[in-house]
Number of protein chains: 2
Amino acid sequence: MATLKLYELAGADPARLLSPYCWRVRFALAAKGLEAETIVWRMTERDRIAAHGAQKVPVLLHGERAVAESFGIAEYLEDTFPDRPSLFGGAGGRALARFVNGWAEATLMAGLARLIIADIPKVLTPEDAAYFRATREPRFGMALERVQEDRETKVEAFRQAIHPLRMTLRSQPFLGGDAPLQADAIAFGPFQWARVTSPFRPLAPDDPVEAWRQRMLDLHDGMARRVPAFYD
Amino acid sequence: MATLKLYELAGADPARLLSPYCWRVRFALAAKGLEAETIVWRMTERDRIAAHGAQKVPVLLHGERAVAESFGIAEYLEDTFPDRPSLFGGAGGRALARFVNGWAEATLMAGLARLIIADIPKVLTPEDAAYFRATREPRFGMALERVQEDRETKVEAFRQAIHPLRMTLRSQPFLGGDAPLQADAIAFGPFQWARVTSPFRPLAPDDPVEAWRQRMLDLHDGMARRVPAFYD
């Protein structure tokens with residue numbers, strides 16, 4: 001089989017893999033039983049992935065082929081390795097995973113950003129930290145510290161916003177049902193991003209979403225638990 | 001085959017079938033190619049369904065058996081008629097349809113209620129209108145008219161909240177992918193409830209969600225379009 005390599009965003013510590021999108025791909029690879037070498041990448045190293053036609057990570061190299069964007073990579077793996085365990089559980093699961101992907105972007109990523117974004121530069125290389133601040137502050141129209149101000153209060157709105165996830169996890173252990181699917185990795189990625197970059201805990205200890213997050217950390221021999229992080 | 005009958009909530013006009021949950025079941029039946037007689041029901045007729053162990057509609061009678069709750073009925077139909085077109089598109093699609101169900105409850109039903117709830121009593125029987133107001137106003141802690149006050153402004157927050165649906169429908173015509181699945185019916189039900197009970201339009205004409213809503217109205221020979229409503 002052609003070699004698999006994955007460009008993954010790291011902090012100053014190259015073991016601190018922090019991209020929620022790269023984590024989704026790591027879970028897809030693990031679910032398919034595939035090994036892929038990590039190519040540590042930093043935000044200010046655009047040139048290194050531009051050669052593959054990409055502007056952001058994840059970028060998966062499969063032999064001569066480069067595939068970008070986490071959902072597209074999961075679909076590529078599903079279609080390229082159809083005899084291995086399914087990432088989507090059928091055509092309906094693949095279609096609805098796109099909805100989970102959109103929900104995770106609008107609700108989880110946007111919601112968590114407002115709780116942790118000023119902590120992120122602290123774990124990046126100096127170059128990436130400056131780049132991160134310079135690109136994100138104009139988007140928010142304010143200092144990163146302002147964005148996450150009053151997070152002890154704002155966390156309640158986040159917990160309310162993720163109620164659909166909680167409702168589902170009350171009736172089944174994973175979004176995918178009795179066993180995880182890529183939809184679980186899609187929703188887990190943002191929570192992994194948060195624990196790897198910030199000490200602030202977005203979930204209450206007794207939240208069913210927290211219990212699911214722990215189950216996700218346990219998957220694949222604790223793959224996601226082993227990375228440097230602020231809490232389990 | 002044993003006869004199918006469905007208890008469905010109607011307004012003062014027995015043709016004005018308005019329950020979002022009953023509409024989900026109507027779509028599930030149509031997707032399976034099944035006919036079911038409508039038993040018109042009103043909110044104040046609790047005794048009529050209590051005999052079937054239910055407190056709310058939909059209640060599906062299949063011969064001697066009664067099945068309640070829209071998601072449970074869809075699962076019952078999927079499992080009872082496995083050789084007919086699938087409502088879920090596989091195990092993954094069934095699991096994730098539960099997430100769509102939770103999202104629709106928290107985001108669509110709750111969001112639309114704040115835009116239309118004071119209009120609902122106007123289409124109900126006098127008995128149901130009084131019952132509806134007496135049971136809903138304590139939940140909101142205010143008059144129904146207060147709940148939907150400033151809806152011309154509040155509709156923007158609703159349109160923002162449904163962005164995950166919009167994102168998905170930008171990349172595929174239905175939540176289910178190229179063809180609709182029960183997840184589409186789950187998300188459509190609340191919009192059908194809104195158009196049957198209120199003249200207020202929650203979607204902008206150029207919204208991809210509006211285009212999808214029209215596709216849903218076209219399904220099964222315009223089944224959902226034919227009911228009395230305030231707009232198409």
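Predicted model: local features only at pLDDT ≥ 70, side-chain atom pairs only at ≥ 80, totals over all residues.
Helices and strands here are DSSP runs, a helix having at least four residues and a strand at least two, and they are numbered from the N terminus.

Start with chain A and select A:Pro58, which is found in the loop between helix H2 (46-50) and strand S3 (59-62) of that chain. Most residues other than glycine have a negative phi, and most peptide bonds are trans. Moving to chain B, select B:Pro58 in the loop between helix H2 (46-50) and S3 of chain B, where the bond from B:Val57 to B:Pro58 is likewise cis, with omega near 5°.

Stay in chain B and colour the strands. They form an open sheet of 4 strands in the order S2-S1-S3-S4, with mixed pairing. Strand S2 (37-41) and strand S4 (65-68) of chain B stand at the edges, and each has a single partner strand, so one side of each is left without a neighbour in the sheet. On average, and with direction ignored, neighbouring strands of this sheet are turned by 25° against each other. For a look at one pair, select strand S3 (residues 59-62) of chain B together with S4(B), which pair in the antiparallel sense over 4 bridges; within this pair, B:Val59 has B:Ala68 of S4(B) as its bridge partner.

Return now to chain A and colour it by domain, using 4-80 for domain 1 and 91-222 for domain 2, as the domain assignment gives them. The C-alpha centres of these two domains of chain A lie 19 Å apart, and the contact between them takes 17 residues from domain 1 and 20 residues from domain 2. On the side of domain 1 of chain A that touches domain 2, the elements that give two or more residues are helix H1 (20-31) and helix H3 (70-80) of chain A, and H1(A) gives the most, with 7 residues. That side of domain 1 divides into 11 nonpolar, 3 polar and 3 charged residues.

Further along chain A, select helix H5 (residues 126-140), whose 15 residues reach 21 Å from the first C-alpha to the last, close to the 21 Å expected at 1.5 Å a residue. H5(A) is followed by A:Gly141, whose phi is positive, near 70°. The next stop is A:Asp150, in the loop between helix H6 (144-147) and helix H7 (151-161) of chain A, where phi is near 60°, a positive value in a residue other than glycine.

Finally, show both chains together. The same surface serves both copies, as 100% of the contact residues of chain B recur in chain A.

Where the chains meet, 26 residues of chain B are in contact with 26 residues of chain A. Helix H4 (91-116) and helix H8 (163-171) of chain B each supply at least two residues of the side of chain B that touches chain A, and the largest share, 12 residues, comes from H4(B). The residues of this side of chain B divide into 14 nonpolar, 11 polar and 1 charged.

Definitions and conventions:
Residues numbered from 1 in each chain as written. Chains lettered and ligands numbered in written order. Contact = placed C-beta atoms within 7 Å. Nonpolar A, V, L, I, M, F, W, Y, C, P; charged D, E, K, R; others polar. Pairing = 2+ DSSP bridges. Axes fitted to C-alpha atoms, helices over the stretch in contact; angles between N-to-C directions. Domains from an automatic or database assignment. Expected span 1.5 Å × (residues − 1).
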